[in-house]
Amino acid sequence: MLGTVRLIRDDDVRIPLSGLGQRALLAVLACEAGRVISVERLIDGLHGDRPPAGAANALQAQASRLRRTLGESGLVVFESGGYRLAIDPELVDLHRFTALTERARDRRTSGDHQGAAELLSAAVGLWHGPALADVREAPFATPVAVRLEEQRVAALEDWADSALAVGAAEQVVEPLRAAIAEHPLRERLRARWLLVLAAVGRQAEALAGFDEIRRLLAEELGADPGAELAEVHAGLLTGTPPPPDPVRAVATTLPSPLTSFIGRSAELAGVLSRLGEHRLVTLLGPGGVGKTRLATEAAAGLHAEVCFVDLSPITGSEQVPHAVGAALGVRGNGNQNLVHRLLLAAADRDLLLVLDNCEHVIAAAAGLIHRLLTGCPRLRVLATSREPLGITGEALFPVSPLPLDPAVTLLAERAAAVCPGFTLDTPESVRLAERVCAALDGLPLAVELAAARLRSLSLAEVAARLDDRFGLLSRGPRTSAPRHQTLHAVVAWSWELLSPADQRTAMALSVFDGGARAAAVAAVTGTSESTVDDALLELVDRSLAEVTDGRYRMLETIREFCAARQVETGQTEFLRARSVYYLDLALEASPRLLGAEQLDRLRLLTAEHHNLTLSLRREITDGQAETALDLIGALAGYWRIRGVRGEISPLARLLLDRLGQDVPEDRAEEYVLTVMLASMDGAETDGLAGHLTTAARIMNERSWPVRQPYLLVYWANQAGPAQGEQLHTPIYRMLRNTRDRWLQGLLHFGLGYLRLYDADLAAADDLLGQALAAFTEVGDRWGMAQVLDAQSDVAARRGDLAESLRITDLAMARFRELDSREEVSELQVRSAERLAALGRTADAERMLTMAVQLATRTGVAATVAAAHHVLGDLARRRGEYRKARNHLELGLAACGADFGSDVALIRLNIALSRLELAEHGPERARPPALTAMAVAVAHRLFGELTDATEVLAEVRAAAGDTAAAAGLSHTAAALRGPSTPQRDEAFKLVEAQIEGHPVEADSR
């Protein structure tokens, strides 16, 4: 292949190849001998960007013909979606050539010039013409041939060095002469030629050769001979030519870094890989992300001549060729003449051109790079820009901000440089550093500017002032470019390159927290979606925004800059328009959460979660109480299903503070929802008790039908299942007469739980079955999962724990499908209880640990309390009393004022009574048992009341009061099971017992 493509057998017989297609296929396979090349890559290599119709079938046919040519030897193998030439790469001359030159380089490095000369002579001798001469029409061939030709000339230059070192210069005279004719302007080759001429006694010819190359460089490039040629010429004049370098030196104009390179090893490898595959690689990213440093590190990692050009100081497009010419040492009169000379200067050089900061002269930089790449086959370009160059063949490499850990390392190292002794040696200092780096988006420049401020401010002060990040980070190194001396200047550099229309779109996008789709931005700006889409893509191209799955977002630093521009320009209408858009979106989605569209609407609302929360906060702080109540009403179902109520509770309290006792009559339901949200974690803030009383009055007295169906769910969570007089309120009369299948499902679900608490398992089963049928009919997965959870409880109370676990798994699968984190954590606790009852305590404890973590994140106090109850009881059973007490105390502390917390409170006190009995005796065990009984009586929870009564019987027995213990045991037996006259009598006895022994005030 180092010439025409030839196939030669072991006995030196040449095997004929038929046609360009067969030779090209063999050549492309041989280029990667022993490795599989995918069908797609083969088609690209043989046909380029426009393969003919049926290219895959044609490839298969060509491969079959090649197999026949090879005599069915099994050398062409199809595997893993591609073809492989199954031979040793050393049997291909181009691979053997590469191996010989690499071995020769090792010999030269170790000083074995004789061995190196022999290897390089053999390597150069493999060539019998221009590489791949008869398949150059195939798209893959030219880049490979150009690379090989560069390697051939470099090998010849190295051979000349080794030959000179061992006194065998005459061996390379003719090969060098032929190479000079092909590459007349290649200075390193010329330098070897002059040295060889002098070594064989042709001094005058060598001096004449220097004059020739000096004239050619001046005429063609407007340049003087480089340092190496000048040194050789001086040696010729004095009769002491310099010795050749044992290993080829590489010229570079890269700036030398003054600081360490942190956290970019993967990106560095990625850039080097891209440079190995593409001749033009553009590093893209916002200002301050570290593109320049990554580019210089990548260029330094290549064994190649490097020319670094900083375009940031230039102010006009016409200056781009002059900046590149100055870096390359090329002069010219006028841009056309200069570009011509640049082409000549780079035509025969293995050169990497690094063009830094192209964005403000993007068109001129792109045009020059395109001309240089097309005219200089060995040239590669590594560019940095805030937008793509837009050239065919450009490989983009987005540069992202640093992840948190490397960003913290960067902050610590740069801070230590300006503040000797600075360390992150405490958990609090690490937390503050993480907060600073996260708030600054991991932008290396912003982190370094923050580190510089640590000369005069503490880390805590820097973290506290991040709301004014542009004022805080306003002092950078004096030697930095102006655009890098302050954080404001970094972003302003990109902002000023935008058109007024694009600036307006950027300001509109900045009102969204967590990004937005084009439709949302269009609604805010009042323009068409197609117009906004074009502008958003322009922001993406300029690294002011990023897009993922059709969603556009900004780094927080850029978002704050654009938000500030709104205030400066008075264009604050975007904020109002955003609130209107998200209220409409929430109102449209809310009723669809009750049926078959549930998953789709949940995905939509989840994607917009941050924007919805931001809109609610703004409506509250702006005094728009009615709009805020509307948003709460529209989003209450979403928050309940997704389990993010704890996140909304502080906003609900803030809204109640703004409302005072003024309840909007036409938004009473939304008001009650707000009260439920504010009180979900049981916190008693100022005025909340009054709101709870008002909410209870509204729920008991108002005429309905209900506009907000999820209000019934929230109220049941707060107050527990309706009992007694509550079943005769207007709302329950409405439910009993409704034809709405979702409401029917909710009613049967609540009544089923009443029968469950009443220990009437048969009736509970029937009602829950009706509820499941209703929710299944309307397609509400959340309702189905809730009913399945209740049915698993029925199975557990019947003693069928295996069936209970099976049903719980079905319910949990539904909840996970909805990403209902509250319910998942609640079901994890129930599953753990049943696993523990089956003796699988290790599995139970693992599940409880996960439940505590998840419930803590979602702010569900009742589930945290329930999990600690089970963990505490398991520890007590093992005799680990200290651990048990710790869990039970954590559970009691977590309990709120809602119904779920009351259920957990009963069970915690039962477990605490048994723990006190085991550790300290009956006197300390009696109060928690009475507390459990009192709370169970208040809610008429017969199952829990039975357990509490049995515990009190154990306490009385331990105290030696056997008669009282026997009476309590008899009462507990009467309480167990469905309603009977005996159970009613037993309940009255317990009530009397509780009235005679008031519950201690610290029971919670």
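Biologist: Is Tyr 83 buried or exposed?

Modeller: Tyr 83 is buried, at 6% relative accessible area. Buried means under 20%, exposed over 50%, partly exposed in between (1.4 Å probe, protein chains only). Phe 78 is partly exposed, at 48%. This is a predicted model: local features need pLDDT of at least 70, side-chain atom pairs count only at pLDDT 80 or more, and totals for chains, interfaces and linings use all residues. Residues are numbered from 1 along each chain as its sequence is written, and side-chain values use heavy atoms, leaving out hydrogens and water.

Biologist: How many aromatic pairs does the whole structure hold?

Modeller: The search finds 10 aromatic pairs. Phe, Tyr and Trp (six-membered ring) pair with centres within 6.5 Å; planes under 30 degrees apart are stacked, over 60 edge-to-face, the rest tilted. Take Phe 78 and Tyr 83: centres 4.9 Å apart, planes at 65°, so edge-to-face.

Biologist: Why is the pair of Phe 97 and Trp 127 edge-to-face?

Modeller: Because their planes stand at 80°, with centres 5.7 Å apart. Phe 97 lies in helix α4 (residues 93-109) and Trp 127 in the loop between α5 (113-125) and α6 (141-165), so the pair ties together parts 30 residues apart in sequence. Helices are DSSP runs (H or I, at least four residues), numbered from the N terminus. Both Phe 97 and Trp 127 are buried.

Biologist: Which charged end sits over the ring of Trp 127?

Modeller: That of Arg 152, 5.6 Å from the ring centre. The test: NZ of Lys or CZ of Arg within 6 Å of the centre and within 35 degrees of the ring normal. Arg 983 likewise sits over Phe 942, at 3.7 Å.

Biologist: Which residues form one aromatic cluster?

Modeller: Tyr 710, Trp 742, Phe 775 and Trp 782.

Terms used
Helix = DSSP H or I, 4+ residues; strand = E, 2+ residues; numbered from the N terminus.
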